[in-house]
Amino acid sequence: MNAALSLELKALIVESCDKDCAPDSITDDEILFGPEAPLQLDSLDALQISMAIKKQYGLRLPDSKETRRILSNVANLADHLDAWLASRA
């Protein structure tokens, strides 16, 4: 996984969801959504993250089960975005 992209995405998550934590305090494989998740993100946060990703990278994440899997943690999101960016190069 691309470490720089991973940190970029963590910063994007913190900023777009207005969380008061350091981006590097988020681990790549921690669950992002739900009551058990350290950040306890919700569906509105998912929308904010999707919009920020569309704005910054041009990747549109449709509302689907696949998107829920992609957004479940930073590692999945970074892998998906990395593969998408590589396919466009």
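## Basis of the description

The model is predicted, with local features needing pLDDT of at least 70 and side-chain atom pairs counting only at pLDDT 80 or more, while totals for chains, interfaces and linings use all residues. Residues are numbered from 1 along each chain as its sequence is written, and side-chain values use heavy atoms, with hydrogens and water left out.

## The largest pocket

Rolling a probe the size of a water molecule over the atoms shows where empty space is left. A pocket here is an open set of points, on a 1 Å grid over the protein atoms alone, where a 1.4 Å probe fits and where protein lies on both sides within 12 Å along at least five of seven lines; its lining residues have an atom within 4 Å of a point. A volume is the space filled by probe spheres set on the points, with grid points joined across faces, edges and corners.

The largest pocket has a volume of about 310 Å³, and its lining consists of 16 residues, among which A46, L47, S50, D63 and T67 lie nearest the centre. Two or more lining residues are given by each of α2 (43-57) and α3 (65-70), where helices are DSSP runs (H or I, at least four residues) numbered from the N terminus. The largest share of this lining, 6 residues, comes from α2. By class, the lining of the largest pocket holds 8 nonpolar, 4 polar and 4 charged residues, with Ala, Val, Leu, Ile, Met, Phe, Trp, Tyr, Cys and Pro counted as nonpolar, Asp, Glu, Lys and Arg as charged, and the others, Gly among them, as polar.

S50, one of the residues nearest the centre of the largest pocket, has its place in helix α2. S50 counts as buried because its relative accessibility is 13%, the classes being buried under 20% relative accessible area, exposed over 50% and partly exposed in between (1.4 Å probe, protein chains only). When its neighbours within four places in sequence are left aside, S50 is in contact with L61 and L71, contact meaning heavy atoms within 4.5 Å.

## The second largest pocket

The second largest pocket contains about 200 Å³ of space, and it is lined by A11, L12, E15, S16, Q48, M51, A52, K55 and Q56. Both α1 (3-16) and α2 supply at least two residues of this lining, and the largest share, 5 residues, comes from α2. The lining of the second largest pocket divides into 4 nonpolar, 3 polar and 2 charged residues.

## Packing of α1 and α4

Two packed helices are described by the angle between their axes and the distance between the axes. The axes of α1 and helix α4 (residues 74-88) come within 9 Å and cross at roughly 115°, where axes are lines fitted to C-alpha atoms, for helices over the stretch in contact, and angles run from 0 to 180 degrees between N-to-C directions. The crossing of α1 and α4 is right-handed, that is, the near helix is turned clockwise from the far one by less than a right angle.

On the α1 side, the contact is made by L5, S6, L9, K10 and I13, and on the α4 side by V74, L77, A78, L81 and D82. By class, this contact of α1 with α4 has 7 nonpolar, 1 polar and 2 charged residues.

Most residues other than glycine have a negative phi. In D18, however, phi is near 55°, a positive value in a residue other than glycine, and Q40 likewise has a positive phi, near 50°. D18 is exposed, since its relative accessible area is 69%.

I26 is also placed in the loop between α1 and α2, and at 2% relative accessibility I26 counts as buried. Leaving aside neighbours within four places in sequence, I26 is in contact with K10, V14, C21, L32, L39 and V74. E30, found in the loop between α1 and α2, is buried with a relative accessible area of 14%, and, with the neighbours within four places in sequence left aside, E30 is in contact with S25, P38, L39, S72 and N73. The C-alpha atoms of E30 and A75 are separated by 8.7 Å, although these residues are 45 residues apart along the chain. S25, in the loop between α1 and α2, is partly exposed, with a relative accessible area of 45%.
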